[in-house]
Structure formats: C-alpha cells, structure tokens
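Me: Can you walk me through this structure? I'd like the overall picture, chain by chain, and then how the chains meet.

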Amino acid sequence: MDNKENIKHEPLVRFHEVTKRYGSLTVLDKLNLDIQANEMVSIIGPSGSGKTTVLRMLMTLEMIDEGVIYLEGKPLTHMESNGSLVLADEKHIRSIRSNIGMVFQQFNLFPHMTVLQNCVEAPINVLGLKPDEAEERAIDLLGMVGMLDKKDEHPSRLSGGQQQRVAIARALAMRPKVMLLDEVTSALDPEVIGEVLSVIRKLNSEHNLTMLMVTHQMGFAREVSDRVCFFYEGKIAEQGPPSQIFEAPKNERTKQFLSAVLNAN
Amino acid sequence: MNLEWRWDFAFEILPQLLWGTVYTLMAAGIGYFIAIFIGLLFMLGQRTRFYVVNRATREVVEFIRSTPLLVQLFFVFFVAPQFGIKFSAWNAAMITLGLHYGTYLSEVYRGALEAVPKQQWEACKALNFSVSRTYGKIILPQAFPVALPGMGNYLVGIFKDTPMLATIGVVELMQSANTVGSLTYRFLEPYTMVGIIFLIISLPTAFGLRKLETVVAKRQGISKK
C-alpha cells in the first residue's frame, strides 16, 4: 500500500541535482525541480539565468554534466548498467523521448512540408501510426489551434503566430505527457501574441496538459500557472503559486526582477 | 595553308565529330555519376567522429583539390602502371574525373548541409525522429535545393574538362578533331566545330539546370526571390 502511494505521488518530471556547464560557465547549478502531472509550471527570470537550458536538458537537446533527470520515475538522461547509472545512449533516449514535446521560440516548422505534413510526419514515422489515423489526429489538432483552413499551405506563407500555432499542433500530435514551451511568443509581433496565448490557455484549461513554460509574459504566467519558478544564476531563487511570486515575493532578486520588468511595461 | 571555311569539308567530318560527341557525353555523364557518389563518401568522411578517417579524408580532399586535373590524369594513366596498377585510358579517365569532381561535390554537399539551420535538427530530436529519418525526410530535402546550383556548375564543368581526356588517348570529341586535323592538315573546321558543339550543349544544359532549381524550390515551398 505504501508503495502504491509512492507511485501515485511520483512526480512526472524530476530534476535531481542537475548541473550544466558551458566551459567554465555554470548555467544550471544542482537544480532540483519536480513537476507533477497536470501541473502548469512557469519559469521566469533574467536572461542567462538558465531558464531555457532547463527545457533543453529535459528535451535531451543538451548533454547533462551532473545529476539525473527522471520521467515518471525512470531515468531519462541515464540508464542502468550493471547496477549503476551511466549516461543514456541514443536508443534509451529515443525509447522515452516521445513522451516529451517542445515548442520553440522560432517555431522550427519544416519549410519543405505543408502544414498537414508537418503534423503527420512524426506520428507516422516515429509512433508508427497509419497515415489516415495520423491525418485524422492532425486535422483534429489543427482545428483546435484554428489552422485547419491553412492545412495545405507551406509555412513560409504563414504569419509567425500561425506558424507557432501549427508548431503547437505538431508537438501535440505526438501525444506527449509533458509539453515544453520555450519563449513561444518572443519572436512574434505584438498583435499575434494573443492568438498563441489563447491556444495555450485552452490546452491548460480543457486538456489539462502538463506544461513547463519559459516566458517573458508575466501577466500570462500569473494567469495560467499553478506554480511560478524564479530563476537566478542557474538556481531557483524562489518558487510558489503566482499570487505569492507576483504579489508578495520574498526573495530580493525576485522583487528587483519583477519591478524592473513591470516598470518596463 | 587555306583559311577559307569549306562547308563540304565541314559536313564530311561532322559524323566523325558527332561520334566523338557521344563519347564526350558518356565520359562527362559517367564521370559525374561516379563523382556524385565519391563526393558523398568524402563528405561523410569529413563529418565522421572517427578521427583517423576524418583527418585522412580531409587531407586527401585537400590534396586532390589543390592539384591540376591534367596532372592527376597523367599520374593515374602513366605513373600508376609503374606500380603495377594498370588502367585502360577510359577507366583511368573515369577514375580521375570521379575523384577530382568528387572532392568539389563533397564541398558542395557540406555547404548545403550546413545551410540547413541547426534548429531543424533540434525540431527532429524533439519529435524523436531517428537519425536516418532526420537526414532522409528533413535535412537532405532542404539541403538539396541549396546544393543544386553548385552541382549544376560542376556538371557543366566536368563536360568542359573532357577534352583533357584526349591527352591520354580517349577518343572523345577533341580527339576526333585532332585526328581529322592530323590527317587532312585542316584545323579551322574541326576545332571551330568542336567549340560550337560544346556551346550548343553547355548553354541549354545551364538553362535547364536553372529551370530545375526554380522548379525544385517551388515544390519545396521555398519561395525564390
């Protein structure tokens, strides 16, 4: 019984003492971070504080220097070999990575494919879905993000906001357990930010997706997050519910950062 | 020495020159085909993580690129037999053209691959594509339109370099003209005709290649401005 309890409370994602260095620069410093299923966690902080690196590590786009990242209790960055944990090989990573989806600042759609092809390619080739199944799924998702009428266009013909909505649909088509959103509105013109945010809002409220979001949209983070983490110099300087972080920050750095950001608006 | 153009003579030697043209086209075509694959090997060799292979490929490519085709041709045809490696003139020509242009094409491939933004690789990782799918479905289709102009240039280039094969006795267009000249002592018509034949083939090929670039770019949804 005790064991079952444990599994239930196992976080979906766990960063355990994760350290990342670029040369002599320590970007993440022994980071510990748990994300529960269905939780929406926002990461805020000054640039260079390691926010994006957190997502890139979880997506396995960066090699881990120290520590372990777990997904559903299983090590993602490492694998067991003779009873000890060693760095995971490509095969191990690929067996788990489909559970994680990521949306990038620069959308990164495949320019040589139509919107629909962008959304069916991975489900067919990676998950092994039948083409008509994948297409059905893609059409569903494109409808949800309001891009169905553009399904036969190439990305170059779409606005940034439209491309980003397609990128969200493309990531969702893999049915990830956790979605990583990396400054998804930073490259967008102000007038189209809203359309992307409303899609994310919908994912959060209707689909209850576990999300980890790096953002500069303080208002949005405050509105949708279950928890906000303020990063400073590769560490979580302060975390808590948005009401606490935005209304009554305890950490001096958080106060400084928020006042600087809010004054700028 | 008669410098007057003689049409009857020109028509008389035309079949012989056209026959030579067939061999020229074959030499260029087969040589290019070989170069495409050798170029691929050279490119992979330069991208591999195995230090020895990587280093060796780089040196070989640099060496071949920095020495003249004619010298390489002579080396393969005249020098290699002294080490017991014998080739017919035709085979020596194909090997040399393939290697020489293979090094150029490997550079074209390398440039084209590097032109694909690294974010495309990251998007592939995020969607959990295998390495072969990443190359096959995402990277190569985007690199191809970038490589096409360079590949086209070298196709025309290899075609225009085929007269050098005459020096080791491959009977192609140039060699046919040489033969006509040495038998009749008339040089005006054969060499003029050789030039014109090259022009007649090169120009439409270059035009066709440019057309192809546009078509490919369009099919890829990459607008060309």
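Me: Start with chain A. How many helices and strands are there in chain A?
Reply: Chain A has 10 helices and 12 strands. Keep in mind that this is a predicted model.

Me: Why would the radius of gyration of chain A agree with a compact globule?
Reply: A compact globule of 265 residues would come out near 18 Å, and chain A has 19 Å, so the two agree. The box around its C-alpha atoms is roughly 55 × 50 × 45 Å along the principal axes.

Me: What share of chain A is buried?
Reply: Of its 265 residues, 53% count as buried.

Me: Switching to chain B. What does the pattern along the sequence look like?
Reply: It reads α-α-α-α-α-α-α-α. That is 8 helices and 0 strands.

Me: What are the dimensions of chain B along its principal axes?
Reply: The C-alpha trace spans about 75 × 50 × 20 Å. Chain B has 225 residues, and 44% of them are buried.

Me: What about its surface and contacts?
Reply: Chain B has an accessible surface of about 12500 Å², and carbon and sulfur atoms account for 69% of it. In its contacts with a separation of 6 or more, residues 24 or more positions apart contribute 76%.

Me: Now charges. How far apart are the centres of the positive and negative sets in chain B?
Reply: They lie 16 Å apart, for 20 positive and 12 negative side chains.

Me: And how far apart are the mean positions in chain A?
Reply: In chain A the 29 positive and 35 negative charges have mean positions 1 Å apart.

Me: How much area is buried between the two?
Reply: About 2100 Å² is buried between chain B and chain A, and carbon and sulfur atoms give 56% of that.

Me: Which residues of chain B lose the most area to chain A?
Reply: K125(B), L127(B) and N128(B) do. Together they account for 31% of what the chain B side buries.

Conventions. Residues numbered from 1 in each chain as written. Chains lettered and ligands numbered in written order. Predicted model: local features only at pLDDT ≥ 70, side-chain atom pairs only at ≥ 80, totals over all residues. Heavy atoms only, no water. Helix = DSSP H or I, 4+ residues; strand = E, 2+ residues; numbered from the N terminus. Rg over C-alpha atoms; globule rule 2.2 N^0.38 Å. Buried < 20%, exposed > 50% of the residue type's maximum accessible area, 1.4 Å probe, protein only. Lys, Arg positive; Asp, Glu negative; His and termini not counted. Charge placed at Lys NZ, Arg CZ, Asp CG, Glu CD. Buried area = accessible area lost by both parts, 1.4 Å probe. Contact = heavy atoms within 4.5 Å. Areas by Shrake-Rupley, 256 points an atom, 1.4 Å probe, with all protein chains shown as cover.
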